[in-house]
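Colleague: I'd like to learn how to read a model like this, feature by feature. Could you walk me through it?

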Amino acid sequence: MNKFKYYFILLITTLSLFSCSKNDTATVEPLRDYAIQNTSDMTVIEEYLNTNYITVTNNPGAPDDQDVVFTKIPAGGSQPSVMSYKNNTGFPKLLSKDVVLNNITYNLYYLVLREGVGESPCNVDGVLASYKGNFLEQISTAGVTTLTTTQFEEVKYPQQMLSLFSTIIGWGETFPQFKTGDKPILKADGTVSFTNFGAGVMFIPSGLAYYASGSGTIPAYVPLVFSFKLYEIQRLDQDGDGIPSYLEDINGDRYVRALATGVVNPDDTDGDGIANFVDVDDDGDNYTTKLEIKNPATGIAYPFASIPTCTSGKKNYLDPTCHP
Ligand SMILES: [Ca+2]
Ligand SMILES: [Ca+2]
Ligand SMILES: [Ca+2]
Ligand SMILES: [Ca+2]
């Protein structure tokens with residue numbers, strides 16, 4: 001106990017030493033207004049979409065399949081801008097998605113090079129994806145403003161699943177719009193060949209990325225551009241109730257995590273403000289979902305399709321009027 005006290009006092013002393021020294025004159029920039037920053041980010045993103053064209057590699061089965069390179073359209077050049085693919089009937093196709101967060105509606109652009117032929121993740125599943133990330137900046141030199149792109153990361157051969165519940169919001173909002181490809185093939189040299197996977201590019205305003213904090217070499221308040229290939233997905237069960245999160249998607253739109261506050265989440269059965277994928281008692285009848293999907297005779301959970309239904313036709317765990 002005394003030892004603990006000693007450490008505590010030491011900690012306080014150390015902290016106060018730090019807070020009293022040198023940095024008294026340093027100023028901390030207040031958090032920027034989300035709406036103003038978003039307007040500025042969208043100007044940068046739309047300029048990027050209007051002034052660049054893409055070159056896509058078609059090389060089925062090879063690691064560079066669907067690699068995409070952005071190049072500035074030269075003066076007088078006739079290359080189609082990325083923006084010219086907006087709502088295209090074929091591919092590439094530039095689409096956008098409204099994302100409500102921080103009391104504003106973000107416009108998240110994403111370019112579909114190929115949709116994929118397999119399964120789509122929901123917005124909290126795991127993804128195995130190769131990707132390349134760039135940040136966009138307007139740099140002013142001698143009165144001339146230039147849009148610059150800086151690559152900060154590239155993962156060509158991903159080794160681990162990344163949970164969309166933990167990545168930046170822009171990722172979780174974009175990946176459910178894409179699908180994986182054919183079943184991966186393990187080749188004789190030990191590498192894996194992926195074909196017909198979904199591939200695209202997302203253009204993320206800073207409010208759906210790192211915003212004021214930045215990350216590593218990424219400065220604060222910069223929009224990010226990620227090109228990516230969706231190789232595989234992993235179904236996760238965030239609340240550990242035995243129902244994978246993608247099956248806790250009541251309206252089937254592949255988005256179970258609602259970002260905006262004060263908005264009714266269609267995937268919250270008992271309406272307690274806790275979405276089913278993180279609610280251990282989905283129907284709020286005080287019987288946990290884990291218990292409601294268990295076969296009382298064996299103590300083992302029923303397979304999802306065999307979970308008993310009530311007279312209402314709803315499954316036990318989604319009907320507050322019945323339980324085991
Ligand atoms: Ca679950
Ligand atoms: Ca709930
Ligand atoms: Ca229940
Ligand atoms: Ca119930």
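Predicted model: local features only at pLDDT ≥ 70, side-chain atom pairs only at ≥ 80, totals over all residues.

Colleague: Metals, then. Which residues coordinate the calcium ion (ligand 2)?

Modeller: Donors are N, O and S atoms within 2.8 Å of the metal (3.2 Å for Na, K and Ca); water is not among the atoms, so sites may look incomplete. Here the calcium ion (ligand 2) has Asp268 (OD), Asp270 (OD), Asp272 (OD), Ile274 (O) and Asp279 (OD) around it at 2.3 Å. Along the chain, those donors are spaced D-x1-D-x1-D-x1-I-x4-D.

Colleague: And what are the protein donors of the calcium ion (ligand 1)?

Modeller: For the calcium ion (ligand 1), Asp237 (OD), Asp239 (OD), Asp241 (OD), Ile243 (O) and Glu248 (OE) lie 2.1 to 2.4 Å away. Their spacing reads D-x1-D-x1-D-x1-I-x4-E.

Colleague: Is Asp272 buried or partly exposed?

Modeller: Buried means under 20% relative accessible area, exposed over 50%, and partly exposed in between (1.4 Å probe, protein chains only). Asp272 has 39%, so it's partly exposed.

Colleague: How many disulfides does the structure hold?

Modeller: A disulfide is a covalent bond between the sulfur atoms of two cysteines; the test is a sulfur pair within 2.5 Å. The structure holds 1: Cys310 and Cys322, with sulfur atoms 1.7 Å apart. Cys310 is buried at 11%, and Cys322 is buried at 16%.

Colleague: What about the nonpolar core? Which residues touch the most other members?

Modeller: A nonpolar core is a set of buried Ala, Val, Leu, Ile, Met, Phe, Trp, Tyr and Cys residues joined through side-chain atoms within 4.5 Å. The largest has 30 residues, and Trp171, Phe175, Met202, Ile204, Leu208, Leu224 and Phe226 touch the most other members. Apart from it lies another core, of 25 residues, including Met42 and Val44. Back at Ile204, contacts (heavy atoms within 4.5 Å) beyond four places in sequence include Ile45, Leu108, Trp171 and Phe226.

Colleague: Where is Asn265 found?

Modeller: Asn265 sits in the loop between E11 and H4; helices (H or I, at least four residues) and strands (E, at least two) are DSSP runs, numbered from the N terminus. Asn265 counts as buried, at 13%. Beyond four places in sequence, Asn265 is in contact with Val256, Ala258 and Ala275.

Colleague: Last one: how many aromatic pairs are there?

Modeller: Rings of Phe, Tyr and Trp (its six-membered ring) pair if their centres lie within 6.5 Å; planes under 30 degrees apart count as stacked, over 60 as edge-to-face and the rest as tilted. That rule gives 17 aromatic pairs. Take Phe70 and Phe203: centres 6.1 Å apart and planes at 75 degrees, so they're edge-to-face. Phe70 is in strand E2 (residues 68-72) and Phe203 in strand E10, 133 residues apart. Both Phe70 and Phe203 are buried.

Conventions
Residues numbered from 1 in each chain as written. Chains lettered and ligands numbered in written order. Heavy atoms only, no water.
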